[in-house]
Amino acid sequence: MSELSKAYEPQAVEERWYQYWIENKFFVADPESPKPPYSIVIPPPNVTGVLTLGHVLNNTIQDILARKARMSGFEVLWLPGTDHAGIATQAVVERTLKKEGAIKHRDDLGREKFLEKVWEWKEKHGGIIIQQLKKLGCSCDWSRERFTMEPEYSKCVTRVFVDLYKKGLIYHGKRMVNWDPVARTALSDEEVIMTEERGHLWHIKYPLLEDDGTPSATEFVVVATTRPETMLGDEAVAVNPKDERYQALIGRKLLLPLRNKPIPVIADELVDPKFGTGCVKVTPAHDPADYEMAVRHNLPLTVVIAPDGRMTDEAGEDFVGLDRFAAREAVIEELKEQKFLLKIEDYTHNVGYSERSHVPIEPYLSEQWFLRYPQVQRSTEAVTKGEIQFFPERWAKTYTHWMTNIKDWCISRQLWWGHRIPVWRQGDRTLSIADARGIDVEGLLNRFTQDDANGVVYRRTPTREFVGTLGGPVHRFLREVAIAPGREDVVRALEELGFTQDPDVLDTWASSWLWPFATMGWPETTPTLKKFYPTSVLVTGPDIIFFWVARMIMAGFEYTGEKPFGQVYFTGIIRDKLGRKMSKSLGNSPDPLDLISKYGADALRFGIIRSAPLGQDLLFDEQHIELGRNFCNKLWNACRFRQMQGGEVQGEIDPAKLGSDDKWILIRLHVAIRELTEALNEYKFSEAAQTLYRFFWSEYCDWYVESSKAVLQGGDSARKRNTLAVIDFVLSHTLRLFQPFLPFITEELWHGMGYHEDMPEGQGGRSIMFAPWPKPFDGDFRDFYSLDDCYVDFVNQKHELVTQGRNLRREANIASNKKVRFIFKPATGIPPHDAKVLQLLLSADPLEVVPDYQPPKGTPAVRATLGELYLPLEGLVDPAVEKTRLSKEREKILPEIDKVQLKLNNPAFVQKAPAAVLQEHQKRLSDWQAKLDTVERALRDMGD
């Protein structure tokens, strides 16, 4: 046992122990271990990322689970890695190159050179968040760190694409997609954030055309739109066929304002007669609903907004080249000038924003790759039938709703950074045998047919006869080929024929949905995959339940036949104490590394977890981290106190020499172990931290340690040895309970206190992280040490009496460290040792035990189960002065109560105030009322 320093210095301790853990490979999982497996795959942070408080919460929870599992006898794999984050990474690198003046657009470099720059950036900056996770104390198996763009992982992604392509689940088609005009790529529905905005509804007149094609001077229809710039691409005006107002107009022609071209009035049941005027402009190329109508009515698809968000030639010479929002203003001005704008009204509606670029998305008609999801029914039932459990359970309904209404996934992105679509095509032409140019296309096709199972899948035009030759030769036309990894020979042959690879890349989620098994060596049945898959639990945020969780479940069933994880824990969102989301622009998002530097990693971990209830949002306050630091200091000082007592470390506990306080703390330890274990099993991390706080700070430090001084300061050496044995027993168990939450300080104290010395090497001898997780005491243990609940009741009664006695002192305005005389009139007899404990806890000098005491009138007193406790005030306070002080105190309190009650009685305040503000006012009222009760009771005791 080495002597502990006077103060805990986390910076020195944390770096030293983390290096020790790494050097000894304590985090490395052994797939050959006979221990049962426990595995977690980290939600891979973006390679562009830096540590946020959200990462701190998520990874602290994973680390708690991993560390607790190691102590419970499991072989633990916590597999780390990073995601290539297609849009985010490409945007960062492109922005950096523009800032350096190297490019104006990535096209200036070309694809290959640009990708070289991205890889350079990744090698230089990509590991930042991994190093930051190590600072937090994460016990990941860093030897298995993966990256979604590394070669082996990329092969898995390509293999899956080719397989789904072969099954007909991946197809290429022209569809209306969500388009990000800044990133210039398609987005899935899940990547669009709907945001409520106050905008306008513009009412525009569309003149009817006479039979001779001239616009009517008096007849027109009115359409209402939130996006007037899109009217330049209108191809019709639609009405509901059952709307009697417009029956006579169906089939007639209208003049499209500003473009001066005729467009028809069509009838379609998709139109809501109650929206606006009941007439809807149809812009097929820029609205999903309009596109559906255009398909039904065979309307042209006129594109007036380009991929970069600027107006095309089709928008007209007055608007071409304008940004879409500048075009909106120009269209409005032109409509006003030509008297087509009837009115403008305020209108609140939802606008879709790109999750990445934070700009309004454009519905855009585009050629994209789509995926029909596999294993939908099985994946849905896995959750509804409890094969996969969600915590909190409410998220299962959200998941089921999405799975029930699932749409095909747009998996292509118009980026360069990412997994390139493994399909080779020859533009708009097909390749016939007659185009062979000396290459055996027939043989090539036959080889493809034979190699279907080996990663080559081709699609071709239907078999057809050669034109102009009756009964002539049959030709097959090769259209596109999907090629899995390892078939470079086929790629070369195709490129010689003029085939080129599709330029698009896969959506980032189309690689990370394979994460649980692709990181473990799939498709090979590696020892790691065999041992640790399916994984035990996934810890993630509910905001990616569709992006990632649902898709991983489907991929798991499709490619392994098994669920990817047994349980999913959804964390809450970290907000500031006003309930706002953390953001740099608001200045309310502190840097976790600054907090670690200031308070220590353990303090940050404990502070975050203690304030994070199951699946609910967390209101962050730096005071929580300060409390975590104070808690670490309390733990350190408690161990130093034990060390200062000297004596044998972890001696034998003699049941015959246990006092009521010894038995009480052992029983409370038993309860804490049970409650903590149950809370962790149910993912109630905040409750677990609260249990630790209650047991250690309140029950152990505040009550037991102070009570034990009655023995430690006494002359009975045998009993003192026994009390020290109890303290060592409790502390060694407590350090183990704290280890998953506070890994650094517990390792330091485990060794510093010498608790590792008698432990087997693999069970705590080298590190506390392998010390056995404490179990609740069985019946034999409790019987041997006579741990009966009657001792709990008796000691609780002592604590009740002490608490009330301390309140007497406080109400009399007597300093807590001042020795005062108390008189105790017990209801029954009390053992001398317990009377000595009461004296210590009350800071009484003396505590007189007088069974028949008759107090003078006005003596402050409390009545408790154990008896009556009196505080004679003679010589301590001047009654007149004290009455005056208390009266003034009451006069200060009353206006404060009135002030808070006035606000809480105001319906407008109660309805509009945020929940956190309302709770704070209610607490303030409760606190002031408690103070008033205390003052008035003291005045009554003094005869007022």
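Biologist: Which residue has its backbone oxygen 2.7 Å from a polar atom of the side chain of threonine 380?

Modeller: This is a predicted model, in which local features need pLDDT of at least 70, side-chain atom pairs count only at pLDDT 80 or more, and totals for chains, interfaces and linings use all residues. Residues are numbered from 1 along each chain as its sequence is written, and side-chain values use heavy atoms, with hydrogens and water left out. A polar contact is a pair of N or O atoms within 3.5 Å; within protein, one must be able to donate a hydrogen and the other to accept it, and residues adjacent in sequence count only if both atoms are side-chain atoms. The backbone oxygen at 2.7 Å from the side chain of threonine 380 belongs to valine 376.

Biologist: Is threonine 380 buried or exposed?

Modeller: Threonine 380 is placed in helix α9 (residues 376-384); helices (H or I, at least four residues) and strands (E, at least two) are DSSP runs, numbered from the N terminus. Beyond its neighbours within four places in sequence, threonine 380 has contacts (heavy atoms within 4.5 Å) with Tyr399, Thr400 and Met403. Buried means under 20% relative accessible area, exposed over 50%, and partly exposed in between, with a 1.4 Å probe and protein chains only. The relative accessible area of threonine 380 is 13%, so this residue is buried.

Biologist: Which strands are at the edges of the open sheet?

Modeller: The sheet has 4 strands in the order β6-β5-β14-β16, with antiparallel pairing; two strands pair if DSSP finds at least two bridges between them. Each edge strand pairs on one side only, and these strands are β6 (185-187) and β16.

Biologist: What is the bridge partner of lysine 174 in β14?

Modeller: Strand β14 (residues 362-371) has 9 of its 10 residues buried. With β16 (residues 409-410), β14 pairs over 2 bridges, where leucine 371 stands opposite tryptophan 409 and phenylalanine 370 opposite cysteine 410. Strand β5 (residues 170-180) pairs with β14 over 10 bridges in the antiparallel sense. The partner of lysine 174 is glutamate 367.

Biologist: How are helices α19 and α23 oriented to each other?

Modeller: Axes are lines fitted to C-alpha atoms, for helices over the stretch in contact, and angles run from 0 to 180 degrees between N-to-C directions. Helix α19 (residues 622-644) packs with helix α23 (residues 743-752) at about 0°, the axes being 11 Å apart. Angles under 35 degrees count as roughly parallel, over 145 as roughly antiparallel, 65 to 115 as roughly perpendicular and the rest as oblique. The two helices are therefore roughly parallel.
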